[in-house]
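The following note is intended for a reader who is new to protein structures. Please keep the sequence and the model in view while working through the numbered points.

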Amino acid sequence: MQPLPLQKKVVLGLQHTIAMFGATVLVPLLTGLNPSVALFGAGLATLLFHALTGFGVPIFLGSSFAFIAPIIAVLEAEGPAAAGGGLVAAGAMYVVFSALVKAVGVRRIQQIFPPIVTGPVIIVIGLSLAGVAVNQAQSHWGLALITLLAAILTSVFARGLFKMIPILIAVITGYVAALVLGLVEPAKLAAIRDAAWVGLPPFHAPAFSWSAIFVLAPVAVVTFIEHIGDVIVNGRVVGKNFLERPGLPRTLFADGIANMLSAAIGGPAATTYAENTGVLAVTRVYDPAVLRIAAGFAMLFGLSPKLASVFQSLPAGVLGGVSILLFGMIASVGIRTLSEARIDFAHSRNLIVVSLILVLGLGGAKVPVTLGEVHVELHGMALAALVGILANALLPASLDREELDAHPASDDPAGGR
């Protein structure tokens with residue numbers, strides 16, 4: 001593939017920024033942190049991640065949803081500085097995990113995450129976000145359908161640069177439709193008019209409190225599992241094995257340091273973003289430089305109250321329209337993973353592993369874990385991944401007699417077990 005000219009990379013980078021914007025801003029809005037700081041921190045964290053991983057992994061780091069409840073608890077009890085200190089400690093946990101993975105070996109990690117586990121976990125990642133997309137879309141289905149249709153038509157029928165930016169074109173189309181139909185809130189339009197073009201967000205330094213650390217740092221156990229899943233998904237979309245190169249220890253280390261930097265300036269924890277992996281799947285442009293341009297735009301929006309106000313004025317229906325496509329593409333990558341691994345669902349063992357992951361991951365199951373004063377909750381993709389790993393490890397690889405008779409020449413492709 002020919003290298004893309006800079007102007008095309010800039011447009012594609014803007015598209016990635018739009019894809020991550022809603023979720024990255026939503027986390028601080030829900031917790032009480034500052035959205036502009038979150039945007040700047042996400043961009044800064046992404047650039048640092050790329051530098052620490054050798055500039056070869058097309059990943060964007062945005063605000064993590066896993067920390068929402070603990071951040072709210074710490075903010076109410078001790079304030080934003082203590083929350084920042086706890087999030088810095090959570091980032092330090094990643095560095096510890098990186099060392100542990102390096103000691104165990106990436107090969108062992110790959111044995112723990114064979115296609116029979118990673119495929120349905122990827123499906124869970126995409127479909128667990130389906131409710132978010134539908135909730136946004138149902139705020140105005142007409143607007144969502146206009147946006148979704150624009151993305152589909154552009155992706156299928158457009159040529160050249162336009163074919164590479166279906167999400168950006170869809171958002172612009174949806175936003176113009178919203179303006180024509182009078183669906184953009186007047187207060188948000190007024191905020192755009194009154195906002196300054198340039199302004200520093202309210203950065204603040206962390207303060208370290210053991211109580212805040214004990215609340216926030218253990219959540220890194222959950223996001224550690226999410227990190228592995230997201231790196232696998234990203235690699236599957238791109239067609240590379242990022243667990244081996246640059247290596248899972250390195251991506252974990254980079255994610256941890258990037259987390260610490262974002263938290264140190266007052267932002268939320270940063271995590272690998274499925275939204276941007278969805279954009280990669282749609283556009284098939286995997287150049288990591290495009291993600292770094294997106295990081296630059298995120299920092300620019302964080303430094304420009306007016307530009308941030310424009311994006312914050314996007315109606316939920318527009319965001320829902322593009323999210324339906326993006327999240328569905330992620331789930332489709334999981335289906336492709338199972339298909340390419342030739343998982344044989346005539347074997348009851350494979351059916352059981354996949355069934356457990358899908359039902360527990362999508363059904364809203366929650367498992368509270370208490371260790372002394374530390375309380376964490378496993379749910380969603382993290383719980384699905386853990387259950388899948390255990391089921392794949394514990395269920396016997398031998399087939400029952402009926403399955404052997406029905407499939408005498410079949411091999412069980414479920415990770416060698």
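1. A residue is called buried when its relative accessible area is under 20%, exposed when it is over 50%, and partly exposed in between, using a 1.4 Å probe and protein chains only. By that scale Arg 107 is exposed, because its relative accessible area is 62%.

2. The model is predicted, with local features requiring pLDDT of at least 70 and side-chain atom pairs counting only at pLDDT 80 or more, while totals for chains, interfaces and linings use all residues. Residues are numbered from 1 along each chain as its sequence is written, and side-chain values use heavy atoms, leaving out hydrogens and water.

3. How many salt bridges does a search of the whole structure find? The search finds 6, a salt bridge being a side-chain nitrogen of Lys or Arg within 4 Å of a carboxyl oxygen of Asp or Glu. As background, side chains of opposite charge can pair when their charged atoms come close.

4. One of these salt bridges joins Glu 244 and Arg 107, at 3.3 Å from N to O. Glu 244 belongs to helix α14 (residues 243–264) and Arg 107 to helix α5 (residues 106–112), so the pair ties together parts that are 137 residues apart in sequence. Helices here are DSSP runs (H or I, at least four residues), and strands are runs of E (at least two), numbered from the N terminus. Glu 244 is partly exposed, because its relative accessible area is 40%.

5. Glu 185 and Lys 188 form another salt bridge, with 3.9 Å between the closest N and O atoms. Glu 185 has a relative accessible area of 46% and is therefore partly exposed; Lys 188, at 29%, is also partly exposed.

6. Arg 193 pairs with Asp 194 in a salt bridge whose closest N and O atoms are 3.5 Å apart. Both Arg 193 and Asp 194 are exposed.

7. Helix α8 (residues 141–157) packs with helix α18 (residues 316–340) at about 45°, their axes being 7 Å apart. Axes are lines fitted to C-alpha atoms, for helices over the stretch in contact, and angles run from 0 to 180 degrees between N-to-C directions. The two helices are therefore oblique to each other; angles under 35 degrees count as roughly parallel, over 145 as roughly antiparallel, 65 to 115 as roughly perpendicular and the rest as oblique.

8. Contact means heavy atoms within 4.5 Å. In α8, the residues that meet α18 include Trp 141 and Leu 148, and their counterparts in α18 include Val 318 and Ile 324. The contact of α8 with α18 has 9 nonpolar, 3 polar and no charged residues. Here Ala, Val, Leu, Ile, Met, Phe, Trp, Tyr, Cys and Pro count as nonpolar, Asp, Glu, Lys and Arg as charged, and the others, Gly among them, as polar.

9. How is helix α15 placed relative to α18? The axes of α15 (residues 274–283) and α18 come within 8 Å and cross at roughly 85°, which makes α15 roughly perpendicular to α18. Among the residues in contact are Glu 275 and Val 279 of α15, and Phe 327 and Met 329 of α18. This contact divides into 9 nonpolar, 1 polar and 1 charged residue.

10. Leu 360 lies in helix α19 (residues 348–362). Leu 360 is partly exposed, because its relative accessible area is 27%. Apart from neighbours within four places in sequence, Leu 360 is in contact with Ala 365, Leu 383 and Val 387.
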